[in-house]
Amino acid sequence: MSASLIFFGLVFGCIGFGFFLYGKNQRAPVPLVCGLILMIFPYFVSNTIALVIIGVVLMAIPYFIRY
C-alpha cells in the first residue's frame, strides 16, 4: 500500500459517505448506490490510476443519471 492509495481511498470514501447520506435522506437510489460503491471499491483496487478513474466515474454518475 502506498500513501497515494490510502489518500485517494480516504477521499473517495468520504465523498461516498456524503453521497450515501444524501441518497438516504432524499430517497434517491442513484446517489445511495454510488455512495455505497464509492465507500467499498477502494478496498479492492490496488492501482492508483485505476482508483482515481473509477472514483471520478462513480462521482459523475449521479450528475448524469437523474432518477
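Let's start with I37, which counts as partly exposed because its relative accessibility is 37% (buried means under 20% relative accessible area, exposed over 50%, partly exposed in between, with a 1.4 Å probe and protein chains only). Keep in mind that this is a predicted model, where local features need pLDDT of at least 70, side-chain atom pairs count only at pLDDT 80 or more, and totals for chains, interfaces and linings use all residues. Residues are numbered from 1 along each chain as its sequence is written, and side-chain values use heavy atoms, with hydrogens and water left out.

I37 sits in helix α2 (helices are DSSP runs of H or I with at least four residues, strands are runs of E with at least two, and both are numbered from the N terminus). Leaving aside residues up to four places away in sequence, I37 touches P42 and L58, where contact means heavy atoms within 4.5 Å. I37 and V57 are 20 residues apart in sequence, and their C-alpha atoms are 11 Å apart in space.

Now for the helix pair. Two packed helices are described by the angle between their axes and the distance between the axes. Here α1 (residues 3-26) and α2 (residues 29-40) pack at about 155°, with axes 7 Å apart; the axes are lines fitted to C-alpha atoms, for helices over the stretch in contact, and angles run from 0 to 180 degrees between N-to-C directions. That makes α1 roughly antiparallel to α2 (under 35 degrees is roughly parallel, over 145 roughly antiparallel, 65 to 115 roughly perpendicular, and the rest oblique). Residues of α1 in the contact include F12, G16 and F20, while α2 brings P31, L32 and M39 among others. By class, this contact has 11 nonpolar, four polar and one charged residues (Ala, Val, Leu, Ile, Met, Phe, Trp, Tyr, Cys and Pro count as nonpolar, Asp, Glu, Lys and Arg as charged, and the others, Gly among them, as polar).

In the loop between α1 and α2 you'll find R27. R27 is exposed, at 76% relative accessible area.

What about the cysteines? The whole structure has zero disulfides (pairs of cysteine sulfur atoms within 2.5 Å). The sulfur of C14 is 17 Å from the closest cysteine sulfur, in C34, so the two are too far apart for a bond. C14 is partly exposed at 49% relative accessibility, whereas C34 is buried at 5% relative accessible area.
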